[in-house]
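The following note sets out a few points on the model for colleagues. Please read it alongside the sequence and the coordinates.

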Amino acid sequence: MAGYFEEMGWRELDEGEQPDHLLHMARFLMDFGMYEDNFTGEWPRLPPPAAKEAVKNLNEIVIDNDTTNCPICLKAFNSGDKATKMPCNHVFHPACILTWLDKTNSCPFCRYELPTDNEGYEAFKKEKKRAVQRKEDIDTLHNSMFS
Ligand SMILES: [Zn+2]
Ligand SMILES: [Zn+2]
């Protein structure tokens, strides 16, 4: 058997070792949240950066009172400061939130998510929604059977 593998330029797998391409495939599926059995409902990494378009469309406001702090740098705003407002109504220094959204797409305060340019992550979010929907369907069915 070893002769055959050597001839093909392959190496026999050590015990317990998986062929690389299978490993790659499994990781790919897990990354995309489509590996049903292992679907935990959580993205395995920090979500990807916010879509450039979504960041560009954030509202800029002028602070008219100085009672709030920027949740990222924790410095108080001064009256008249320019600030960026997320759709969840949380307000940040433009420089703070731009740096943040360049790394991940969600509000650091409440985790409100902006859209991303990452196809894999968007597919994951859809799958997550479907998983929630499935659970709701099962609950509805359960309730209609047992109530
Ligand atoms: Zn700040
Ligand atoms: Zn928020």
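This is a predicted model: local features need pLDDT of at least 70, side-chain atom pairs count only at pLDDT 80 or more; totals for chains, interfaces and linings use all residues.

1. Cysteine 70 lies in the loop between strand 1 (59–62) and strand 2 (82–85), and histidine 93 in the loop between strand 3 (91–92) and helix 4 (94–101), so the pair ties together parts that are 23 residues apart in sequence. Helices (H or I, at least four residues) and strands (E, at least two) are DSSP runs, numbered from the N terminus.

2. Both cysteine 70 and histidine 93 are buried, that is, under 20% relative accessible area (1.4 Å probe, protein chains only).

3. Asparagine 89, in the loop between strand 2 and strand 3, has a positive phi near 75°. Asparagine 89 is exposed at 53% relative accessibility, where exposed means over 50%.

4. Arginine 111 also has a positive phi, near 65°. Its place is in the loop between helix 4 and helix 5 (119–146), and arginine 111 is exposed, with a relative accessible area of 68%. Most residues other than glycine have a negative phi.

5. Residues are numbered from 1 along each chain as its sequence is written, while chains are lettered from A and ligands numbered from 1 in the order in which they are written. Local features need pLDDT of at least 70, side-chain atom pairs count only at pLDDT 80 or more, and totals for chains, interfaces and linings use all residues; side-chain values use heavy atoms, with hydrogens and water left out.
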